[in-house]
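This note comments on charged side-chain contacts in the structure shown below. Please read the points alongside the coordinates.

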Amino acid sequence: MTNLQIEKSTSYTREDWKKGYESQPNEYSYWIDDIEGEIPADLNGTFFRNGPGLLDINGQAIAHPFDGDGMVCAIGFKNGRAYFRNTFVKTEGYVTEKAAGKILYRGFGAQKPGGWLANIFDVNVKNCANTGILYWGDKLLALWEPGQPHHLNPQNLETINLSDLDGVLQPGQAFSAHPRIDKGKDGKGDVLVNFSVKPGLSTTITIFELNSQGKLLKRYSNSIPGFAFLHDMAITPNYCIFFQNPLTFNPFPFFLGLQSAGQCLEFLPNKSTQVILIPRDGSKAMKILETKPCFIFHHANAWEKNGEIYVDSICYESFPQVDMGDDFRELDFDSIPASQLWRFKINLSENNVEHKLLESRCCDFPNLNPNNVGEAYRYLFIGLAEQPSGNAPLQAILKIDWQTGERQIFSVAPRGFAGEPLFVPFPNGVNEDDGWLLMLMYDAAEHRSDVVILDARDLNQKPVARLHLKHHIPYGLHGSFTPHYFWE
């Protein structure tokens with residue numbers, strides 16, 4: 001498909017989209033003064049974002065964005081003002097490659113230059129620290145799902161060390177980039193629930209539950225048969241829920257230097273997806289059920305009702321195969337299945353799983369009021385493609401009201417590209433959608449990024465405020481918000 005055809009058939013141009021994947025090698029620190037609208041005076045705290053900041057090493061292109069070095073952004077809000085800071089996570093890989101001026105590591109989709117001879121038998125994959133960011137137990141943690149988190153100083157974002165969470169993790173043990181926070185409505189206080197995956201001929205899932213001080217409350221492990229690719233997890237008060245995608249991993253092309261790790265994954269369309277239910281209190285055995293073949297990266301939410309469990313998830317009909325050649329920016333969107341929103345209903349007494357399509361338009365990065373995580377909820381906020389069908393970049397935010405069926409869309413098309421929406425409750429909010437949506441978006445017209453503040457109650461209104469940064473931030477992955485403000 002030519003660029004001209006893309007312009008005619010979609011809401012964006014490929015050239016605009018590609019510019020959002022240019023590296024941002026600079027680190028900044030400044031007050032944001034270029035603002036449309038007004039920052040709410042009662043929005044106080046810090047909005048963190050993480051994602052790949054370097055998409056090349058000294059001009060050598062990174063083949064897949066998952067392998068870009070992690071760059072943390074922080075926007076601190078206080079008394080109607082906002083301060084911006086961004087810093088690279090100083091991982092071992094970042095430091096050594098920066099000194100060498102070339103790619104030294106393989107990754108999910110990346111190979112070292114030089115063909116198979118340069119990659120054979122090298123299984124040392126770089127911890128990019130580029131996927132999630134969380135402030136918990138007085139620690140700011142940059143998360144990358146296959147490895148340990150990096151501990152950062154929240155005052156200046158500088159890297160302190162590769163953290164074992166005060167002995168919670170074994171050396172090299174992973175700590176997922178998709179933790180869930182149980183708001184502790186049973187009176188026990190907020191609990192962080194996260195997991196580690198150790199794949200192999202069988203896969204071990206270890207779940208950690210930490211209190212608000214970062215102290216370990218529970219650690220429990222379960223083994224499931226076969227190789228498992230588990231990116232995310234949903235929770236309810238009683239269960240941790242995983243979907244084991246029907247994938248197989250052939251390690252030999254990876255060991256022989258012929259393919260990256262991601263290229264060695266193969267979707268098995270005739271094999272069921274496994275739904276794994278792990279009781280959080282250990283009173284029951286783990287249960288594994290089957291549903292139709294599909295591939296899931298992200299879950300929106302899960303809840304229990306009348307002996308059944310419901311899970312809303314971002315689902316692909318098949319695995320979006322990693323086969324992008326030397327430059328992911330040239331990928332053919334039409335060759336990759338669109339991610340859609342599905343709902344799964346799990347009947348525990350009959351041991352069956354039903355599913356239905358909730359949103360057919362391409363969407364991802366779901367978010368909701370954090371007080372409703374693991375419980376029935378009314379409102380979902382999610383990144384959305386502007387075009388009505390097929391796969392495409394996200395250029396809008398969709399709000400869904402499950403009670404009335406109403407849908408509201410805030411769009412930044414044709415030259416804007418949306419990031420993950422993050423819901424921040426009003427300090428004295430009463431209703432479930434009483435809050436702001438924070439989003440870091442890319443504006444191709446100005447080649448810069450904006451921090452957008454929306455009133456979550458009504459996305460049909462213009463933004464409460466749009467904060468123009470002085471530069472662009474490459475497309476990121478996940479973020480979080482804490483009421484703490486660190487720059488007095």
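**Salt bridges in the predicted model**

1. Asp34, Arg448, Asp450 and Arg466 are joined to one another through a network of salt bridges. The model is a predicted one, and a search across the whole structure finds 26 salt bridges.

2. A salt bridge connects the side chains of Lys90 and Glu158, with an N to O distance of 3.7 Å. This pair links distant parts of the chain, 68 residues apart: Lys90 belongs to the loop between strand S7 (81-88) and helix H3 (92-100), and Glu158 to the loop between strand S10 (150-152) and strand S11 (159-162). Lys90 is partly exposed, its relative accessible area being 26%; Glu158 is likewise partly exposed, at 32%.

3. Arg280 and Glu209 form a salt bridge through their side chains at 3.0 Å, N to O. Here too the pair links distant parts of the chain, with Arg280 in the loop between strand S20 (273-279) and strand S21 (287-291) and Glu209 in strand S14 (residues 202-211), 71 residues apart. Are these two residues, Arg280 and Glu209, buried or exposed? Both Arg280 and Glu209 are buried, since each has a relative accessible area under 20%.

4. The side chains of Glu317 and Lys292 meet in a salt bridge of 3.2 Å, N to O. Glu317 sits in the loop between strand S23 (308-316) and strand S24 (340-347), and Lys292 in the loop between S21 and strand S22 (295-305), so the contact ties together parts 25 residues apart in sequence. Glu317 is partly exposed, with a relative accessible area of 42%, and Lys292 is partly exposed, with 28%.

Technical notes. Residues are numbered from 1 along each chain as its sequence is written. This is a predicted model: local features need pLDDT of at least 70, side-chain atom pairs count only at pLDDT 80 or more; totals for chains, interfaces and linings use all residues. Side-chain values use heavy atoms; hydrogens and water are left out. A salt bridge is a side-chain nitrogen of Lys or Arg within 4 Å of a carboxyl oxygen of Asp or Glu. Helices (H or I, at least four residues) and strands (E, at least two) are DSSP runs, numbered from the N terminus. Buried means under 20% relative accessible area, exposed over 50%, partly exposed in between (1.4 Å probe, protein chains only).
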